[in-house]
Amino acid sequence: MDKTVTAARKRSPAGLIILVLAAIILALLPLVIQGYWIRVITSLFMYAAMAEALNLVVGYAGYAAFGNGVFFGIGAYMTAILMTHYKWGFFPASAISGLTAMLIAFILGWPVLRLRGHYFAIATIGINMAVMEIVTYVGITGGGKGISLPLYPGDIVKQGMFFYYSMFILMLVSIAITAWIVHGRLGYGLRAIKTQPDAAEVMGIDTTLYKVYAWSISALITGIAGSLNAYWLTFLEPIYVFDIMISVEVFVMVLLGGPGTILGPILGAFFLKLLSELVWSQFTLIHMGVLGLIIVVISLFLPAGLMGLLRQAGRWRRTAPQSLGNR
Amino acid sequence: MALLEVRNVSRSFGGVHAVNDVSFAINEGEIVGLIGPNGAGKTTVMNLISGLITVDKGEIFFQGQPLSGLKPHTIARKGIARTFQIVKPFQGMTVRENVMIGALFRADAAGLKRTHINDIVRETLALLELEARADSPVEELNLAQRKHLELARAMAMQPRLLLLDEVMAGLNLKEIEKLMHLVRRLNERGITILVIEHVMKAVMNLSHRVLVMYYGGLIAAGPPEEVSQDPRVIEAYLGKRRQKGPVKEVQQ
Amino acid sequence: MDWQVIINGLLLGGLYGLAAIGFSLIWGVMNIVDLAQGAYLTLGAYITFWLFNLWGVDPFLTLPISALVLFGLGYLIESQIIKRVLRYGLVMMLVVTYGLNLLLQNAMLVAWSADYRSVTPAYSGAGLVIGGASIPYIRLALFIAALLLVGLLTFFLSRTRMGNAIRATSLNRLAASFVGVRTDFIYALTYGLAAATVGMAGSLISMVYTVSPSLGGTFMTKIFVVTVLGGFGSISGAVVGGLILGVTEALTASYVAPGLMNAVSFIMLVLILIFRPQGLFGKQFYGVTN
């Protein structure tokens with residue numbers, strides 16, 4: 001995987017410029033906004049990173065990891081335990097949390113990723129629920145009552161900045177990792193596995209290993225997101241961090257943005273989170289129902305996601321006279 | 001030493017002997033045809049060699065080394081490439097990207113530079129006459145082009161042995177002739193080829209030797225002229241064909 | 001070994017089995033993992049609750065009404081939504097059925113609040129005692145009702161023309177359409193039938209569990225385990241899977257730790273998927289046992 005290979009298709013410089021501009025704006029945003037919006041955008045970064053992580057498994061490898069939120073919970077609890085019981089600092093605790101999530105995905109991946117389709121989806125849900133039950137049962141996690149983490153040292157503004165930039169960096173890293181993977185052997189291998197696993201295998205791709213790699217990297221990013229989130233909220237309960245809804249929401253972001261594209265999941269996460277903040281955050285009672293409705297509408301009318309829509313618009317613009325031939 | 005040796009290999013599926021005690025060898029540089037009526041076990045033999053299914057009994061050797069227990073990707077990296085009867089292009093990729101997969105995952109790929117890989121892809125596309133479609137999505141290819149793509153992907157792996165599973169099925173006469181020409185050219189580049197084919201004229205023309213399977217067993221082997229005179233073969237296979245005349249097999 | 005524990009487990013397991021049949025049917029025939037089954041179960045439970053509390057209808061007599069309402073709802077959802085999303089594949093189906101589940105669950109929450117409600121007919125206290133084990137009449141009645149419904153469904157699938165069409169479609173949709181089966185209609189019918197079955201399971205469950213919008217979520221996880229245990233696509237598999245789960249839960253709760261009851265069943269789920277993805281008894285199709 002050390003050798004990267006440029007994609008056959010050309011990347012437009014305009015896209016890259018927009019991307020860099022967007023990153024600069026987001027980096028400077030805390031100069032103008034504060035309090036509530038800092039928190040909103042921090043959580044937006046977190047979801048974007050998790051969506052990008054899930055995208056590796058769902059969008060590229062084509063595996064419906066419906067219980068990927070388990071790594072969010074594992075990362076969160078690992079950090080909580082290390083910081084409260086063993087008095088670790090946040091950074092080492094976070095690193096170990098991410099690596100633990102990755103290791104668990106690596107070990108579970110060998111048997112579980114041999115399952116195809118529905119079986120894999122149900123297995124990941126099962127793993128999520130099993131881990132939640134175990135965490136609720138054992139003593140070190142505080143059980144069902146939850147566990148409190150030490151507070152971030154410093155005033156509330158500093159604290160806000162710390163989590164804003166940490167999540168921002170996590171998101172950028174998740175994009176960079178995805179871009180690096182997509183243009184390298186792992187990315188090509190995953191895309192091949194997604195559509196023709198047998199052909200991929202006889203062309204020399206170790207399909208199981210590649211899927212395990214993808215899932216492990218996905219777990220690492222998700223685990224660190226969980227770790228940061230735990231430190232940010234300073235209180236954890238199993239039913240919150242292992243809620244299958246987290247997985248589902250991230251799943252919807254990936255689908256909404258466009259699975260199997262580098263920026264689609266980020267776009268999907270921003271779109272869904274902002275929409276939810278602006279439109280219906282005050283109506284908590286129907287929040288779930290509206291999400292359900294959005295899901296159904298996306299499935300019916302936007303199956304290729306926002307990126308699919310953009311690409312199609314681009315194609316209409318570019319290929320007016322010659323619709324066939326080179327793309 | 002033979003390049004590939006299949007020794008007393010059997011495989012059954014739930015009581016059906018798909019391949020029953022089959023033995024043969026393929027020498028370096030040969031084109032060997034594998035023929036037989038539908039359901040004779042030809043594709044199963046190919047799946048056994050490439051490792052997609054496991055051998056019940058017997059052993060397969062490649063360059064003198066046993067292949068049993070190896071995963072398909074390991075076998076592929078030893079130098080065995082194959083095509084599929086029902087083409088399996090990687091959707092959502094261009095023709096070039098499809099071929100690139102072959103170059104990216106061959107045994108020596110880790111040591112190759114990016115430019116070298118691109119060179120391999122370009123050469124392979126030229127060899128299989130796909131340059132014009134290089135940047136088209138595979139979904140836009142017609143059947144003949146898809147068959148060329150199957151070959152191109154396999155060739156980009158730089159195999160020692162190439163297994164071709166009905167690459168000519170469904171093509172018209174002109175396309176078949178073109179493919180025959182291509183297969184010969186690949187052979188001239190030093191690649192040993194095992195070809196399953198229903199298009200009799202093609203397989204008899206191309207092959208240095210022909211193996212005939214019937215109900216899971218090998219019933220004849222030898223030069224095409226000899227095999228086509230073998231009464232068992234005529235009874236099992238060619239008898240029916242002759243009345244129908246040449247050559248085109250309708251696919252699905 | 002304590003008979004009481006086993007009997008409790010078996011009685012509950014019958015309900016699990018009935019609840020899982022719809023899910024297994026949809027998986028077997030339409031190749032969909034339907035995450036909306038939980039919401040249909042909850043709706044069935046609410047139908048029984050309201051009919052019993054508002055008009056005093058005997059809970060058992062509400063079964064046909066539950067079945068009818070849910071059949072209609074399922075038929076409608078399949079023909080208006082599921083049918084259009086089917087071609088986008090597995091991931092989309094998982095998500096859209098989950099979306100439907102959220103939507104329905106939220107609608108029930110808004111309409112009927114998150115309060116815990118219960119259905120307690122006059123006969124719910126009594127029971128009989130056999131050899132030291134006491135069996136409440138209502139649990140026994142529920143078990144028998146569940147088995148009768150299973151029998152009815154088996155009869156429908158194996159002995160009627162429509163049932164045969166469903167089984168044919170489950171084996172090969174294309175081939176079924178060639179011999180004149182209207183597979184679009186069969187899909188809607190199957191989905192409606194599955195919703196009706198799980199709805200009736202919900203009606204029965206309302207008599208022993210408290211009813212709230214989250215009832216379906218609890219049972220959805222059980223449905224997964226039961227289906228994986230029994231192997232999807234077989235009614236008898238679902239029933240046996242249900243009984244095994246019921247007994248396993250009961251044994252874990254009394255001999256290991258009540259807190260680990262769910263953990264054990266989820267671990268069982270994952271292990272079976274890894275080691276015997278075809279279920280404990282192998283793959284079977286509707287009515288065709290081999």
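Colleague: How do α9(C) and α11(C) sit relative to each other, parallel or oblique?

Modeller: They are oblique to each other. Keep in mind that this is a predicted model. Helix α9 covers residues 215-230 of chain C and helix α11 covers residues 261-275 of chain C; they pack at an angle of about 40°.

Colleague: OK, switching to chain A. At what angle do α1 and α6 pack?

Modeller: About 165°, with the axes 11 Å apart. That makes α1(A) roughly antiparallel to α6(A). Helix α1 is residues 13-28 of chain A, and helix α6 is residues 156-182 of chain A. The crossing of α1(A) past α6(A) is left-handed.

Colleague: What's in that contact?

Modeller: Ala23(A), Leu26(A) and Ala27(A) come from α1(A), and they meet Tyr164(A), Tyr165(A), Phe168(A) and Met171(A) of α6(A). The contact divides into 7 nonpolar residues, no polar and no charged.

Colleague: Now the chains themselves. Which pair has the most contacts?

Modeller: Chains A and C, among the 2 pairs of chains that touch. There, 42 residues of chain A are in contact with 40 residues of chain C. The two chains bury about 3,600 Å² between them, and 84% of that is on carbon and sulfur atoms.

Colleague: How many salt bridges across the interface of chain A and chain C?

Modeller: The rule finds 0 there. Across the interface of chain B and chain A, the rule finds 1.

Colleague: Which side chains make that one?

Modeller: Arg191(A) and Glu97(B), at 3.5 Å, N to O. Side chains of opposite charge can pair when their charged atoms come close.

Colleague: What else can you tell me about the contact of B with A?

Modeller: It takes 36 residues from chain B and 27 residues from chain A. The buried area is about 2,900 Å², with carbon and sulfur atoms giving 62% of it. On the chain B side, His73(B), Phe90(B) and Phe105(B) supply 21% of what chain B buries against chain A, more than any other three residues.

Colleague: And B with C, where do those stand?

Modeller: Chain B and chain C do not touch. Their nearest C-alpha atoms are 13 Å apart.

Colleague: Back to salt bridges: how many over all chains?

Modeller: A search of the whole structure finds 14. One within chain B joins the side chains of Glu150(B) and Arg153(B), at 3.1 Å, N to O.

Colleague: Where do Glu150(B) and Arg153(B) lie?

Modeller: Both are in helix α5 of chain B, residues 143-156. They are 3 residues apart, about one turn of the helix.

Key. Residues numbered from 1 in each chain as written. Chains lettered and ligands numbered in written order. Predicted model: local features only at pLDDT ≥ 70, side-chain atom pairs only at ≥ 80, totals over all residues. Heavy atoms only, no water. Axes fitted to C-alpha atoms, helices over the stretch in contact; angles between N-to-C directions. Helix = DSSP H or I, 4+ residues; strand = E, 2+ residues; numbered from the N terminus. Parallel < 35°, antiparallel > 145°, perpendicular 65-115°, else oblique. Left-handed = near helix turned anticlockwise from the far one by under 90°. Contact = heavy atoms within 4.5 Å. Nonpolar A, V, L, I, M, F, W, Y, C, P; charged D, E, K, R; others polar. Buried area = accessible area lost by both parts, 1.4 Å probe. Salt bridge = Lys/Arg side-chain N within 4 Å of Asp/Glu carboxyl O.
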